[in-house]
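Q: Please take a close look at one part of this structure: a sheet, the helices that cover it, and how the chains relate.

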Number of protein chains: 2
Amino acid sequence: MKKIGVILGAALSLVLLAGCAKLDSATSTVKNAAKSSTSSGYQVTGKAEDSEYQGVVEDGKYLTSKARGVGISQNSDNLLNLKSFESGLTQLSKTKYSTSKYVFREGQLLSSATVEDWLGRKSKSNPNGLNPVNNGQTDADKRNPIYVQQIEEQDYMKEVDGKLQLAGITVGIGMNRKDYYQKEQYGATYTTDISKEKMIAEGQQAAAKVLERLRKTSGVSADTPIIIAMFQQASDDSLVGGSFYQYTYVTSGATINDWTSLDYRSYVFPSTSVSSVPNDNDETSFESFKKQVQNFFPNLAGVTAQAEYKGKALQGMNVNITTQFYSLTEITSFTQYLAQAAKTYLPSGIPIDITVKGTDGTVQSFLARKANATNFYTHVFGSY
Amino acid sequence: MKKIGVILGAALSLVLLAGCAKLDSATSTVKNAAKSSTSSGYQVTGKAEDSEYQGVVEDGKYLTSKARGVGISQNSDNLLNLKSFESGLTQLSKTKYSTSKYVFREGQLLSSATVEDWLGRKSKSNPNGLNPVNNGQTDADKRNPIYVQQIEEQDYMKEVDGKLQLAGITVGIGMNRKDYYQKEQYGATYTTDISKEKMIAEGQQAAAKVLERLRKTSGVSADTPIIIAMFQQASDDSLVGGSFYQYTYVTSGATINDWTSLDYRSYVFPSTSVSSVPNDNDETSFESFKKQVQNFFPNLAGVTAQAEYKGKALQGMNVNITTQFYSLTEITSFTQYLAQAAKTYLPSGIPIDITVKGTDGTVQSFLARKANATNFYTHVFGSY
């Protein structure tokens, strides 16, 4: 196997002189073989961790998506959906495209215009719309809702003859369980509920069309592997993002033969009467932690968390703590205390992030522990 | 030497049952010797790093300062002064009170009322005021300015017979080079400038009084070591905090025999015509880094930094980067890129923090490197 050249975008001038040069092996597992003899060369971001993809850089600039920004407008009412969507897409891609062999490229096949057309309703002027025609109804149960809410493409590249070539595609399709709409401009917002069965059926139909169209796209060959992952959008008032419920991995051809189910879901701690987490033990752990933390200062701290579950198994937790601090020494002591309390009370064996904010919303300190680690990394944000 | 019991505040219930028990040796160098035979016991925060002090916890609660919050009101116009002040006090204390033998306690000797009296002007009703009497003048050059702007006490404890005893005190005194005042309530703000010589002279007089009064304070013995550290407040419009310019270390008695000069100062990058950093090489490094970073995305990134110097030697840097992101993958790629670019372009051998924010001010990722490290720790703030 040819190894892939590692070039810092930051070192473009060097690169132009020396062709494809390896500047930093310590942080990179993708090594250079295309010595300075090749004049083509390409650049990647480098990577800070082996578990992350390097990203494609062109002429010292990051190669942004051809549909850049479309995701934000698609998720403008709940940006948490976008983070969950993109994070999940990358995680899923890692199961098929190894971070040591593949380089990540922001989607270059589908343009903003294409994605926007696909997300629109089917009509005479938009024959490619994946959503149903407007039937003129405005009643929640009679109108045709928007099923397909967002689409994002990710490209995965491999080196062939000193150049990066497309070696895998991942497309995420975000599906609505609730479609929000107005009967008149600036009017009240109404909701059409979509059943899970309907969402899945509509999603599979949309995925079939997306696969077919992708195969016909210039640059995509008949045997470029394509992952299509189906995401259920969280509602606009959700404090966590949505989650992926199934995916298909098509190594060649334009037909989807099977779907693999995914059982991920995000929850909020503390749980409420309408939303309880799948595992009572985790809730007990979190409540103990919260109680200890809230007891620490005379002024009460707000303690909440986002968590991801696979079935009943906790996968990770982001804890948010907000309290009023009166000095840097209080922040430092609180952070040290949290490192101990989190270790004692929060579940082990999963990645945990803890972000500590002052009452003005400024991040004051931060703790993180990886799944396989014992102690928390701590950092207090200082100032000179 | 008796070793000190380590107890997590978080595990109070255990402590009450078992007396003084060691729960976690991995994160602690202060060890337990006072076995379960002693019924007194005390609690500390535990510590995440050996270079930090543990803090005193009482009944599961952090023991906050008796003058809690006074620092914030003293620095309400530039809170950067407060962070610089407290951070510097702790750093200076470490040179005399080792983090492995001493435990940090928020000041318990001086109350809010005492500190506020001392910071006031001397008058019939406030004979202890460290600032001069009001002479009735309102002209900037004729009035008596406020020289002493803030005072903070830190206590350093050692174990004696299973209990924590006061073993060292650090007092910081913040002095003005500019005194801001109003001639009438809600009126315009005027400024009295204070020369460096005058600030030093007034500071030393105030320090002498503070030392004398501390020695007479209940709980302080004739031979409790006392550090008094003098801090020059930064002006209200400064983008960095002030800095310590001298200190004295009085091991016993109520007389200050000598002062040790400190040559620390904080600067902002990029430097401007009115404020240039002491070392041109650092400026060149920063500008190269900035240029690379700004080239990375099509949308321009804001890149600034705070830095601390000792004379002409850079001691540390906090870099702030703000840019608009359109996806989580952009944030991840940008962060990886920064880890490489910072390693290539920014000065080595000093601690560097880099905080990356979106245009809405939300922290999106964070990188840090300790003085002796080669690579940056990176963290992207995710969401479930």
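A: **Helices on the sheet**

Helix α6 (residues 280-296) of chain B lies across β12, β13 (302-310), β14 (313-322) and β15 (352-357) of chain B. Its direction is about 160° to β13(B). Contact means heavy atoms within 4.5 Å. Axes are lines fitted to C-alpha atoms, for helices over the stretch in contact, and angles run from 0 to 180 degrees between N-to-C directions. Helices (H or I, at least four residues) and strands (E, at least two) are DSSP runs, numbered from the N terminus.

This is a predicted model: local features need pLDDT of at least 70, side-chain atom pairs count only at pLDDT 80 or more, and totals for chains, interfaces and linings use all residues. Residues are numbered from 1 along each chain as its sequence is written, chains are lettered from A and ligands numbered from 1 in the order in which they are written, and side-chain values use heavy atoms, with hydrogens and water left out.

Helix α7 (residues 328-345) of chain B lies across β14, β15, β16 and β17 of chain B, at about 20° to β16(B).

The sheet itself is open, with six strands in the order β12-β13-β14-β15-β16-β17 (chain B) and mixed pairing. Its edge strands are β12 (264-269) and β17 (377-380) of chain B. Two strands pair if DSSP finds at least two bridges between them. β16 (residues 363-369) and β17 of chain B pair antiparallel over four bridges. There, B:Ala368 stands opposite B:Tyr377.

Now the chains. A 180° rotation with 0.0 Å of shift along its axis superposes chain B on chain A (RMSD 0.0 Å). That is the relation of a two-fold axis. In chain B, the C-alpha nearest the axis belongs to B:Val363, 3.8 Å from it. Copies are superposed by least squares on the C-alpha atoms of residues with pLDDT of at least 70 in both.
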